Amino acid sequence: MEDLNFQHRARARAGGTRQSAIVGVVASGNLEVLVERSLPDADCALEIKTAAVGFGEVWSAVIDDFVERYSPGGLKFSINDGGARPDTVSLRLAQAVRLIEGNGQ
Amino acid sequence: MIAPLKDIIPAERARSTSFNEASARTRLELLLDAGSFVEFIGPEQREVSPHLRIFDLPEQFDDGIVVGHGRLDGSPVFVAAQEGRFMGGAFGEVHGAKLTGLLRAAREIGSIPVLILFDTGGVRLQEANAGELAIAEIMRAVMEARIAGAKVIGLIGGRSGCYGGGGLIAGCCSALAVSEPGRIAVSGPEVIETNRGVEEFDSRDRALVWRTMGGKHRRLLGAADVFADDTVQDFREAALELLSLVGPFGLDGLRAEQARLADRLRSFGGCEDAVDIWTAEGIAHAERVPELSADLFIALANRIGRTSRDAR
Amino acid sequence: MSVIEKTAAVVTPSEARQSADAAAQIERREGAKVMTSWQTGRAARDARIAAGAGLAHGKIVEAKDATRLLEAVIRPGDRVCLEGDNQKQADLLSRALLAVDLSRVKDLHMVQSGVVLPEHLDLFDRGVAKRLDYAYSGPQSARIARMLFGGKIELGAVHTYLELFARYFIDLTPHVALIAAVSADREGNLYTGPNTEDTPTVVEATAFKDGVVIAQVNEIVEKVPRVDIPADRVQFIVESDKPFFVEPLFTRDPAAITEGQILTAMLAIKGIYAPYGVQRLNHGIGFSTAAIELLLPTFGERLGLKGLIATHFALNPHPALIPAIESGWVRQIHSFGSEVGMDEYIRARSDVYFTGPDGSLRSNRAFCQTAGLYACDMFIGSTLQIDLQGNSSTVTTSRIAGFGGAPNMGADARGRRHPSEPWLKAGAEADPDSPAPLRRGRKLVVQIGETFGDKNVPLFVEKLEAIELAEKLKLELAPVMIYGDDVTHIVTEEGLANLLLCRTAQEREQAIRGVAGYTDVGRRRDRNMVACLRERGVIRRPEDLGINPLDADRSLLAARSIKDLVRWSGGLYSPPSKFRNW
């Protein structure tokens with residue numbers, strides 16, 4: 001296992017009012033993303049525990065693009081990763097943002 | 001034929017969503033009345049396994065089981081759903097404790113039924129002792145909840161089946177609903193093959209696995225009381241049907257069930273294969289049972305008419 | 001004489017012996033007065049048949065005598081085609097050949113398209129065989145790599161199917177063919193059934209050039225359902241106690257299709273099938289193409305593409321295509337082989353498939369490969385590695401899977417002369433300045449895949465492992481599956497690269513890097529140049545095509561399980577046990 005942490009400044013606060021959301025499951029090639037609205041509006045943090053050791057640079061690149069594209073201000077992402085591929089990571093992050101931005105359910 | 005998910009209303013989604021394929025959370029969301037689910041010890045509380053880190057394995061925030069309460073056709077229910085993709089839905093310490101706690105809550109209240117959506121290969125190898133203890137605690141908690149008057153219904157149709165300790169717990173429930181892809185047993189196919197040889201049981205012969213442990217066979221034997229088509233909506237309807245069917249729990253029921261099982265063993269104990277049992281039940285072209293569509297099969301199972309009286 | 005000397009240096013003992021015979025013949029002719037025999041091959045064939053005849057009743061030999069038959073008929077150094085096709089395997093004859101007495105049969109030169117069974121390689125371990133020319137080695141790819149490195153196999157070449165078939169008629173003609181059929185009558189007429197595959201080609205080359213054909217059959221019957229191989233081309237028949245082995249190679253379980261594969265499939269349909277109007281095509285066997293097949297009746301229908309794309313296929317009977325067929329998308333399919341469990345469905349859908357008067361499928365790999373090469377406007381398939389020029393290979397240093405049909409499907413046919421809209425449009429994109437009447441069209445050759453494969457192995461690489469392999473094995477050619485200059489498009493979850501629109505090698509490289517995502521190749525892209533290529537439409541992102549990656553959901557698949565496919569088929573598709581969960 002490897003722990004990775006990333007802090008970013010986001011252009012804007014993420015939409016919606018929902019406090020938390022979770023997508024995905026921890027399985028081979030898959031991951032879960034728990035997203036919580038718990039940070040100042042301009043901040044974004046990601047805590048990753050991954051089963052695939054040595055992919056820090058790739059995570060960094062995926063997250064740079066994600067933050068740039070979705071501007072997830074105020075959100076903290078906690079990730080348990082079963083060795084997912086970068087495209088799956090991008091997809092789950094986007095799904096997590098969609099879920100927490102959609103109000104109610 | 002199929003519209004994107006976001007365009008359709010919840011009941012439609014429940015009808016078009018495969019129970020087998022859905023995640024534990026999606027199963028609960030669509031099984032219960034829309035928006036009624038409230039989770040206990042949700043993922044944001046991060047009650048993860050204390051053991052997996054030692055084995056350098058990834059954790060899941062809910063430890064592979066979602067527990068809580070909600071409403072089914074307006075009435076309150078407790079629910080637990082295992083996530084069969086995380087470690088095969090296996091029971092660990094936290095995972096087991098969440099289910100035990102839920103059942104004890106049902107025992108205290110007495111009138112609110114429990115739905116357990118099984119999806120498990122059994123006990124998690126990395127926390128075997130804690131897992132085995134959890135199975136025993138859960139079995140006791142199921143019986144205590146039932147004595148207190150709470151109905152405990154098992155719904156089985158996930159990809160990991162209901163094996164090992166899960167099979168034992170299912171045996172303690174008031175009633176079970178199962179779908180075609182659902183499997184119920186204690187020893188899994190690979191375990192049998194490893195211990196008894198490939199001649200005894202070829203675990204890669206999936207048709208054999210399903211006609212021995214799969215939903216259709218379990219329904220025909222009376223081990224499961226209702227057969228559901230593989231949609232969440234069908235499981236919802238099956239759960240409602242079972243809640244209305246299940247009678248009070250007591251010694252008379254157990255004695256009757258004991259007699260039924262003894263009779264079943266006398267009738268079919270000599271059969272080599274499930275097809276022989278179905279043939280002995282008087283089913284014409286028994287070898288074609290696995291190919292039957294859900295409605296034809298339900299009609300057949302109702303005609304055969306075997307249901308458990310209490311245990312299985 | 002010089003021609004003979006030149007070839008003799010690189011040929012097998014039997015070829016050398018033939019060359020020597022030919023040289024002797026020429027000398028005799030030079031002597032002018034000596035009697036010349038022009039029928040030595042026929043005489044040799046007759047001698048082989050006579051040697052085996054003692055074991056046969058008519059043409060029929062009992063299974064227990066199969067090894068003795070092979071010892072009688074085969075000579076050391078012979079070229080032998082042991083029918084190993086893509087799917088069908090002459091398994092009884094493989095085992096029989098493996099058991100021969102090495103003092104009678106050894107050092108064979110195996111010329112067969114598929115090296116699939118363990119016995120196919122055991123032959124080399126034991127010394128029964130020495131040299132190998134083949135096309136495909138799917139399940140044996142790791143072992144064949146080890147044996148090549150270990151010097152156990154003298155490799156001729158790894159071919160494409162059509163190329164190997166072609167050589168059967170020129171310089172790799174078998175002395176003996178060991179083939180598999182469903183049934184035979186007592187005369188020796190064979191029914192090869194849905195999995196006819198390579199058999200007619202192998203028999204044609206062997207029987208009409210003084211070779212001996214030995215068939216294993218599942219049963220001997222009074223009358224075969226149809227005659228696929230006429231009796232006079234078959235010398236011996238062995239009845240097998242169990243049906244020949246067939247591998248269900250073309251079944252992809254919809255339950256295993258991922259959201260990423262669905263996204264690439266959506267991009268391909270909307271970004272390639274639709275704008276080019278691709279009606280005649282071949283699909284590879286990966287999950288991305290299975291996703292395309294399953295999206296036609298849903299996503300494709302919503303785009304209004306029914307009847308406009310994907311109507312005529314050179315394709316095995318993929319179960320994943322059932323929903324599209326049932327929804328009226330597909331008009332006609334010609335097949336290389338068959339697929340386990342599809343027989344009844346095919347029989348009931350003869351408007352779509354090629355069937356015999358008996359109703360069952362007639363496949364033919366050589367004809368279908370030709371159809372794919374000349375009569376299809378597109379090939380779309382997956383690979384394991386793509387380099388910066390677009391060269392692709394499924395060969396890695398530890399696995400040599402061979403090519404199968406992909407290089408023929410995935411190549412521009414230089415002999416093509418008939419026009420079609422996609423072919424002309426692709427040609428115009430590649431070469432806008434040439435006058436239209438003299439401009440060649442281009443076949444659309446599409447590589448589809450996710451940027452990372454199993455175990456996070458990147459699809460895109462700076463250098464193909466195939467090149468390292470060639471260096472280590474001292475091969476003159478690296479085993480490249482599809483050459484970069486034939487590839488027209490690359491589709492990944494990152495988007496679509498249209499290589500036809502690239503004007504320089506540098507543009508091409510950046511177009512490839514531009515869809516290579518977070519692989520090392522992708523992260524080393526020149527961001528400005530990639531942005532520029534996107535503006536020109538060389539690279540198109542999902543949003544450029546109006547596709548939201550979040551909509552790539554499994555609910556879009558017309559079938560999400562094997563059981564769904566059975567339902568779509570009205571119960572006619574009967575999947576093998578390994579794909580069942582009922």
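Predicted model: local features only at pLDDT ≥ 70, side-chain atom pairs only at ≥ 80, totals over all residues.

**Stop 1: chains A and B.** Select both chains and show what touches: 18 residues from chain A and 16 residues from chain B. Together they bury about 1500 Å², with carbon and sulfur atoms giving 55% of that area. On the chain A side, color Met1(A), Val25(A) and Val26(A), which lose the most area to chain B and make up 36% of what that side buries.

**Stop 2: polar links across the same interface.** There are 7 residue pairs in polar contact here and 3 salt bridges. For one of those bridges, zoom in on Asp3(A) and Arg53(B), whose closest N and O atoms sit 2.9 Å apart. Next, highlight β2, β3 and β5 of chain A, the elements that each give two or more residues to this side. With 4 residues, β5(A) gives the most.

**Stop 3: inside chain B.** Pick Arg211(B) and Asp273(B), a salt bridge at 2.8 Å, N to O. Arg211(B) is in helix α7, while Asp273(B) lies in the loop between α10 and α11, 62 residues apart. Asp273(B) counts as partly exposed because its relative accessibility is 22%.

**Stop 4: chain C.** Select Glu197(C) and Arg365(C), which meet in a salt bridge at 2.9 Å. They are 168 residues apart in the chain, and both are buried.

**Last stop: a network.** Show Arg69(A), Arg534(C), Glu543(C) and Asp544(C), which salt bridges link into a network. Within it, Glu543(C) and Arg534(C) pair at 3.7 Å, N to O.

Notes
Residues numbered from 1 in each chain as written. Chains lettered and ligands numbered in written order. Heavy atoms only, no water. Contact = heavy atoms within 4.5 Å. Buried area = accessible area lost by both parts, 1.4 Å probe. Salt bridge = Lys/Arg side-chain N within 4 Å of Asp/Glu carboxyl O. Polar contact = N/O pair within 3.5 Å; in protein donor to acceptor, adjacent residues only side chain to side chain. Buried < 20%, exposed > 50% of the residue type's maximum accessible area, 1.4 Å probe, protein only.
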